[in-house]
Amino acid sequence: MKFVDVKEVFAEIPDEITLAISISGCPIQCKGCHSQYLWEDVGQELTPEVLSTLLDQHFGVSCICFMGGDQDPAGINLLARWVKANSKVKVAWYSGRGKLATQIELPNFDYLKLGPYDEAAGALNMRTTNQRFYQVADDLHLEDITHRFWKL
Ligand code: SF4
């Protein structure tokens, strides 16, 4: 699994300073995708060693978010487990699938976004969106907090 770039972002996860890692090789291929540069399997291999370096370079972020990786949810789960075991930052995953992959172990995650981009329904910040954003609660139930992205 490879990544193309990383960015510190403020809007992707509510109340967190997030290091967003854009993972390539996206198999979802949503119509109207604004990130088609992520469809091909390009970039640098994402390993625990690379994650460690990125966390050092971006010291102070409160969350790390894997943007994509639907071609290898087991790999995402392993990377998330590594972050949990080796840092204090929270872990998020933006998946383009409507259902959570069975390989995902909830204790490794704090936030999960599910759903493909649907042009007609709009992005996560639209009330009409088909996508759902969940916080993983202490008892591991998924709390739908999608409304946090909507303007009042
Ligand atoms: S999941 Fe994201 S990157 Fe993949 S096609 Fe859909 S919008 Fe594009």
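User: What stands opposite phenylalanine 3 in β3?
Analyst: Glutamine 44 stands there. This is a predicted model, where local features need pLDDT of at least 70, side-chain atom pairs count only at pLDDT 80 or more, and totals for chains, interfaces and linings use all residues. Residues are numbered from 1 along each chain as its sequence is written.

User: How many bridges are there between β1 and β3?
Analyst: Strand β1 (residues 2-9) and strand β3 (residues 44-45) are joined by two bridges, in the antiparallel sense. Strands are DSSP runs of E, at least two residues, and helices are runs of H or I, at least four, numbered from the N terminus. Two strands pair if DSSP finds at least two bridges between them.

User: And β1 with β2, how many bridges there?
Analyst: Six, and the two strands run antiparallel. Valine 6 is opposite isoleucine 21 in β2.

User: What is the strand order in the sheet?
Analyst: The open sheet has eight strands, ordered β3-β1-β2-β4-β5-β6-β7-β8, with mixed pairing. β3 and β8 (142-144) are the edge strands, each pairing on one side only.

User: New topic: is leucine 114 buried or exposed?
Analyst: Leucine 114 is buried, because 21 other C-beta atoms lie within 10 Å. The cut-offs are 20 or more such atoms within 10 Å for buried, 12 or fewer for exposed, and partly exposed in between, with C-beta atoms placed from the backbone.

User: Which strand is leucine 114 in?
Analyst: Leucine 114 is in β6 (residues 111-114). Four bridges join β6 to β7 (residues 132-136), running antiparallel.
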